[in-house]
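Student: I have a new model open and want to get my bearings. Can we walk through it together?
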Amino acid sequence: MTEGTNVALAPADQQGSRTSYLRALFMRSESLRGYALLSPTLAVMLFSMCAPFALMVIMSFWTQIGFKFDTALSVTNYREILDSPIYSALLIRSLKISGACALATVLISYPMAYYVAFHVHRRKLLWIILMTLPFWTSYLLRVFAWKIILGYNGVINSGLKSMGLIEQPLEFLLYSPTAVVITLAHAWAAFAVLPIYVSLEKIDRSLLEAAADLGDGPVLRFLRVTLPLSLPGVMAAMLLIFIPTVGDYVTPALVGGPDGTMIANIIQAQFGKVNNWPMGAALAISMMAIVAVISLAYVWVSRKATEQIG
Amino acid sequence: MSDVSYIKRPNRPLHVYALSYLAFLYIPVLFLPLFSFNDSIYISFPLKGFTTNWYASMASDEPMHAALINSLKVGAVASVIATLLGILGAKAVTRYKIFGQRTVVSTIMLPLVIPGIVMGVALLILLSRIGINLSLVTITLGHILICVPFSMATLMARFEGLDSSMEEAAADLGDNAWWVFWRVTFPMVFPGILASLLLCFTISFDEFIMAFFLSGTDPTLPIYIYSQLRFPQKLPGVLALGACILVVSFFVVFFSQWLQRQGEFGAAGKGDHA
Amino acid sequence: MNGNDNYIVIDKVAKHFGPVRAVDEVDISVRAGEFFSLLGASGCGKTTLLRMLAGFEAPTSGEIYIDQVATAGVPPHRRPTNMVFQNYAIFPHLNVRRNIAYGLREERLAKDETRRRVDEALELVKLPGLGDRSANELSGGQRQRVALARALIKRPKVLLLDEPLGALDKKLREEMQLELRALQQSLGITFVFVTHDQEEAMTLSDRIAIMSQGKVLQIDTPSKIYNSPVNIEVADFIGQMNFIDAEVLDNKSGRITVNTAGLGKVTVPGKGNAARQGDSSIVAVRPERLFLSAKAPEKKANCVQGTIKTTAYLGDRSHFYVDVEGREKPVAVAAQEAGGNEAQSFELGSKVWISWQDESLLHFARD
């Protein structure tokens, strides 16, 4: 007996039997029913991501003539990106800043996540909410807060001045790549804590007890058991911070100054003052492409590394 | 889950570190409210004097009111639609064995890792080629896109915590799919739905980058704030506004997270004790 | 109630999950008003079969009929079945009363009527007055009864129970077993009961279907399954059994003579066995059908000498493990306390005689 013949068929009607066969097939296929339920969401998301990106790719092969687009496909924009030193310098600077930010964020967040995972026994919920909450509040305002702190007349400078420690305000604080890194690290720290915390929390405590039983002290237990097992979370956190910060535009605009400009500012300008949309599209795609390559390489390397650790 | 007996010795340095970390996280943000009471246009530390003038001036700031209402509208619509899509998606993914589930979920979660500027630019290009004018509607569309991953993540956690045998029992007792949803699924998932609504609203309310690219003549509040930043005399007013926003966000998000994570901590339904 | 009507008919039903055959062409008929159990180890397909009866899974092939109506395409909420879930599935957001009354929604009863029926149901499961308790405050045993009440209040034709007593401790479980049986007999509802506990199945059921790896091995009353298992697997599954290697010597007029490794030459009732001379086979005998004596029995046949290797005292009976020649594993012999046997006086290492009757032996061909 095959699947198809086991549906309760209406006696005479052929057409009816085909639709009821289909309906029975539908009822039997859990996957199909699930997809039906999922379809609005999936459709919206796919369309909202695919169509714009497809168009963006196409536009990157156009050129801007005055206020119109020359829709003849050409690689002018990409050639210009490769030739001009400005773009590549900005791109490299952006990658460096994001990399530094990701590293810094993960380094400062790890001990925090460790504390909540291992040393908080009551009110864990409270700690989790407190350490992630800033991330859900206004990004703009948090970046602006650093502008106030690091500025010429900002908190640090006027504080030090009024305490008599310095005569002239420190100029290097604001409008530099360092300012960008600090601000980004602060803004994204809350985002990094969560994946690290989750992977630490998942570690089976009895593994640590076994290690203790076999002779390892606390430091060794951490290095040989906790750290390796938490590495997936750490790797994930680094990637989760790196990718979005490469394209950050608000922070360099507010605290970066000319030395701290990142690639996103140039992209934004293409859609603003410079009015070269195809170039903007090409820059955006180049940035995404490089980020994608780096991310894939990173994932591959980290997977190899975790396989080694076993 | 954590074994209390394992690490009994409290780790003082780590404890101090944790508190400093929280301080580092919150103190910079607290300067905003601090200086909003400063009796001067310029930042100076310590404060020159204490005043609530800047807050008072907010009451008469018409453009700000308009921007605020725009943000509320966009936030409300975006959060409702994103939550609806999130409910459908979360139910589908957690309750049915779908072929290619992980791929589908990763796809829906993509906006989380795509830089805001790329999404903003791409949508801008699409909308302008289709011929749709930029307005609050376009901002809302962009916000729905970035809110759906958060909504789905919140609701997936909630649905997973919900034992599917509950829904089966309801069906067994005579309810069709619609009634099962209303009488069992919805009441049990409701805290998650509320959490998702609040979270998405906050994200939309505070979102700047995409809004910046997709806005027409009507600004949302973050756009309005950004436009004021170039004027020094407007600075304290901006700080006052920022302080208000932060305080409200703080409470809304706290409540939403508490609602959501309650489920993860097994508050719903205790275990069997014979 | 006509016990001969086949109320539930499971006709060549199979369920495949990809390459896995959870249920492999099963034929079962359950009579109206019967307490029918599906018994087997985990993974044997019994729960999958139950879920197909309930409507939560659809058969990959085959048909299920309940009261002569085909159930294909009929969703769970339209079937005349109700299920008691393994984890009880008590709704945490409703109190006990509302949980029990849950399924009455479609009947649109007046409030008083609902209240009366719920109270009735609470009495039935011996939980009077617990109606206003919140679901979270119930103990395991109480939840189980609430789940039962919730299903029974709808007066289903068939009650499906998915290992409902598994989570309870032994005493509570035994108590509930008796109550369930009494309930089923007084209500006359057909029960289909899934369990991996053979004692439970034997205690409660009118008939049992033993399942293994998706197939049904035997469907019979408990005593027939115990005394006439149809193959080695069934014999091994229920109760304790001694299995002894044998070689067929002769098969004549319903009696098979075999040479066994341990009990010597024995004669076994044939029961239609197609055994030929030289076939290797298995002889099986229950420990309680073997008798121990310190002195050699009068009849020379059907006995063998051995040495006691280990003993286990179980209160109401003792098990003795006797080493015999020709067999590495000791033979298990069970002896009741009552009956005036010299059971209690057997010590380790003492020489004893094991004796038995022909009819107590079972004969299986080797697969």
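Tutor: First, a term we will need. Two residues are in contact if their C-beta atoms, placed from the backbone, lie within 7 Å. Keep in mind that this is a predicted model.

Student: Fine. Which residues is I125(B) in contact with, leaving aside its neighbours within four places in sequence?
Tutor: P52(A), L55(A), M56(A), M59(A), W277(A) and A281(A).

Student: Pick M59(A). Where does it lie?
Tutor: M59(A) sits in helix α2 of chain A.

Student: Buried or exposed?
Tutor: M59(A) is buried, because 27 other C-beta atoms lie within 10 Å and 20 or more is the cut-off.

Student: What does M59(A) touch, not counting residues up to four places away?
Tutor: W277(A), P278(A) and A281(A), plus I125(B) from the other chain.

Student: How far is M59(A) from S98(A) in space?
Tutor: 27 Å, C-alpha to C-alpha. In sequence, M59(A) and S98(A) are 39 residues apart.

Student: Back to the interface. How many residues of chain A are in contact with chain B?
Tutor: 78 residues of chain A, against 75 of chain B. Helix α2 of chain A, residues 30-60, gives the largest share of chain A's side, with 21 residues. That side has 53 nonpolar, 18 polar and seven charged residues.

Student: And chain C with chain B, how many residues there?
Tutor: 26 residues of chain C are in contact with 20 of chain B. α4(C) gives the most to chain C's side, with three residues. By class, chain C's side has 12 nonpolar, nine polar and five charged residues.

Student: How is interface size usually given, by the way?
Tutor: Often as the accessible area lost when the parts come together.

Student: What about the largest nonpolar core?
Tutor: The largest nonpolar core has 266 residues. Those with the most contacts inside it are M56(A), A113(A), I241(A), V121(B), I125(B) and V192(C). Helix α8 of chain A, residues 177-201, supplies the largest share of this core, 16 residues.

Student: Which residues of α4(A) make the contact?
Tutor: Among them are S94(A), L95(A), S98(A) and G99(A).

Student: Switch to chain C. How many helices and strands?
Tutor: Eight helices and 20 strands. The C-alpha trace spans about 80 × 45 × 40 Å along its principal axes. Of the 367 residues of chain C, 39% count as buried.

Student: What is the strand order in its open sheet of four strands?
Tutor: β2-β1-β4-β5 (chain C), with antiparallel pairing. The edge strands are β2 (20-31) and β5 (69-70) of chain C.

Student: How many bridges join β1 to β2(C)?
Tutor: Eight bridges, with β1 covering residues 6-17 of chain C. V9(C) stands opposite S29(C) in β2(C).

Student: Which helix lies across β1, β2 and β4 of chain C?
Tutor: Helix α1 of chain C, residues 46-54. Helix α1 runs at about 60 degrees to β2(C).

Methods: Residues numbered from 1 in each chain as written. Chains lettered and ligands numbered in written order. Predicted model: local features only at pLDDT ≥ 70, side-chain atom pairs only at ≥ 80, totals over all residues. Helix = DSSP H or I, 4+ residues; strand = E, 2+ residues; numbered from the N terminus. Nonpolar A, V, L, I, M, F, W, Y, C, P; charged D, E, K, R; others polar. Buried ≥ 20, exposed ≤ 12 C-beta atoms within 10 Å, placed from the backbone. Pairing = 2+ DSSP bridges. Axes fitted to C-alpha atoms, helices over the stretch in contact; angles between N-to-C directions. Core = buried A, V, L, I, M, F, W, Y, C linked by C-beta atoms within 7 Å.
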